[in-house]
Amino acid sequence: MSAPAAGHDLMPTVPEHLPPGERPVLATLRARPGHETQLAAAISTLMASVRAEPGCLEFRSFHDAADPGAFYLYEIYADTEAFRTHLTLPHVARFFPEVERHSMTEPRALVQLVELEVGDPAGA
């Protein structure tokens, strides 16, 4: 697969209708073949900076044991505003070109999660 076109926008959109409280997100990244080490290094660098953000409650990264080119970033921010602030920070801006260079990630790769309530099987 060829590199994304210049200007390929990976910046997530943060919906207005998210519930109040903690903002959990899950990002899935797929390394370009032969770029697994470079993508892992970029994630590691990002992780160190994000964990120091005042609004970040948790930032953990994983790779698939059976597929070393698949990476998962599990993040929890204090609230939606903390996540919006996170997206404006310089270390995040530096990360997106690395994602473009070393991955085949699509803009939809970041999922805004809403926690199910105990006793609410429908998740409503």
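The model is predicted, so local features require a pLDDT of at least 70 and side-chain atom pairs count only at pLDDT 80 or more, while totals for chains, interfaces and linings use all residues. Residues are numbered from 1 along each chain as its sequence is written, and side-chain values use heavy atoms, with hydrogens and water left out.

The protein has three helices and four strands, assigned as DSSP runs (H or I of at least four residues for helices, E of at least two for strands) and numbered from the N terminus. Along the sequence, these elements follow the order β-α-β-β-α-α-β. Contacts, defined by heavy atoms within 4.5 Å, were examined by sequence separation. Among contacts in the protein with a separation of 6 or more, 75% are between residues 24 or more positions apart.

The accessible surface of the protein amounts to about 7,400 Å², and carbon and sulfur atoms contribute 58% of that area. Accessible areas come from the Shrake-Rupley method with a 1.4 Å probe, and for residues only the protein chains shown count as cover. Of the 124 residues, 35% count as buried; buried denotes under 20% relative accessible area, exposed over 50%, and partly exposed in between (1.4 Å probe, protein chains only).

The structure contains four salt bridges, each being a side-chain nitrogen of Lys or Arg within 4 Å of a carboxyl oxygen of Asp or Glu. Three of them are described here.

In one of these salt bridges, R84 pairs with E16, and the closest N and O atoms are 3.3 Å apart. This pair links distant parts of the chain: R84 belongs to helix α2 (residues 80–87), E16 to the segment before β1 (23–30), and 68 residues separate them. R84 is partly exposed at a relative accessible area of 25%, whereas E16, at 71%, is exposed.

A salt bridge also joins R30 and D67, with 2.4 Å between the closest N and O atoms. Here too distant parts of the chain are linked, as R30 is in strand β1 and D67 in strand β3 (residues 67–77), 37 residues apart. R30 has a relative accessible area of 32% and is partly exposed; D67 is partly exposed at 25%.

The salt bridge between R101 and E98 has an N to O distance of 2.3 Å. Both residues lie in helix α3 (residues 90–102), at a spacing of three residues, or about one turn of the helix. R101 is partly exposed with 44% relative accessibility, and E98 is partly exposed with 25%.
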